[in-house]
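Here are a few notes to read alongside the model. Have the sequence and the 3D view open as you go through the points.

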Amino acid sequence: MTDSREIIDLVVGRELELGVVGAVTGRPELAVAPFARDEIIVVCAPSHPWASSGEVGFDELLRAPVIVQQPGSGVRAVVEAALRERGVNPAQLNVFLELGLNESVSTR
């Protein structure tokens with residue numbers, strides 16, 4: 001398995017006929033259609049103060065050490081775009097760890 005950027009490159013290079021990625025691309029040589037909707041959520045330990053609050057403000061998120069997916073992943077691109085839309089520079093995140101595939105952070 002690989003990240004969205006690599007899947008897009010493989011489809012453009014005709015090494016794959018179809019790719020499913022986590023973020024929309026602006027590549028004009030591709031036809032893009034929604035496949036499914038997903039929700040990105042913040043997870044924390046049950047003992048963490050955020051667990052009972054139900055909401056996390058951007059100021060809190062920027063102070064906390066966070067685990068994010070690798071650059072090039074669709075999820076990371078979507079999160080960074082959402083931060084930028086709200087005037088937050090993604091470089092301000094206190095990145096504690098970058099991980100690759102979705103399974104890297106799964107609890108299963």
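1. Start with Ser73, which counts as buried at 7% relative accessibility (buried means under 20% relative accessible area, exposed over 50%, partly exposed in between, with a 1.4 Å probe and protein chains only). You'll find Ser73 in the loop between β1 (65-69) and α4 (74-85). Leaving aside neighbours within four places in sequence, Ser73 is in contact with Asp3 and Ser4 (contact means heavy atoms within 4.5 Å).

2. A word on what you're looking at: this is a predicted model, where local features need pLDDT of at least 70 and side-chain atom pairs count only at pLDDT 80 or more, while totals for chains, interfaces and linings use all residues. Residues are numbered from 1 along each chain as its sequence is written, and side-chain values use heavy atoms, with hydrogens and water left out.

3. On the overall layout, the chain has four helices and two strands, in the order α-α-α-β-α-β from the N terminus. Helices (H or I, at least four residues) and strands (E, at least two) are DSSP runs, numbered from the N terminus. The C-alpha atoms fill a box of roughly 50 × 35 × 25 Å along the principal axes, and 19% of the 108 residues count as buried.

4. Which residues make up the largest nonpolar core? There are eight: Trp50, Leu61, Ala64, Val66, Val68, Leu83, Val88 and Leu93. A nonpolar core here is a set of buried Ala, Val, Leu, Ile, Met, Phe, Trp, Tyr and Cys residues joined through side-chain atoms within 4.5 Å. Not counting residues up to four places away in sequence, Val88 touches Phe58, Leu62 and Leu83.

5. Now the charged pairs: the whole structure has six salt bridges (a side-chain nitrogen of Lys or Arg within 4 Å of a carboxyl oxygen of Asp or Glu). One of them joins Asp9 and Arg27, at 3.1 Å from N to O. Asp9 sits in helix α1 (residues 4-12) and Arg27 in the loop between α1 and α2 (50-53), so this pair ties together parts 18 residues apart in sequence. Asp9 is partly exposed at 39% relative accessibility, and so is Arg27 at 28%.

6. Finally, look at Glu98 and Arg76, whose salt bridge has its closest N and O atoms 2.8 Å apart. Glu98 is in strand β2 (residues 94-99) and Arg76 in helix α4, 22 residues apart. Glu98 is partly exposed at 42%, whereas Arg76 is buried at 16%. Glu80 and Arg84 form another salt bridge, at 3.7 Å, and salt bridges that share partners join Arg76, Glu80, Arg84 and Glu98 into one network.
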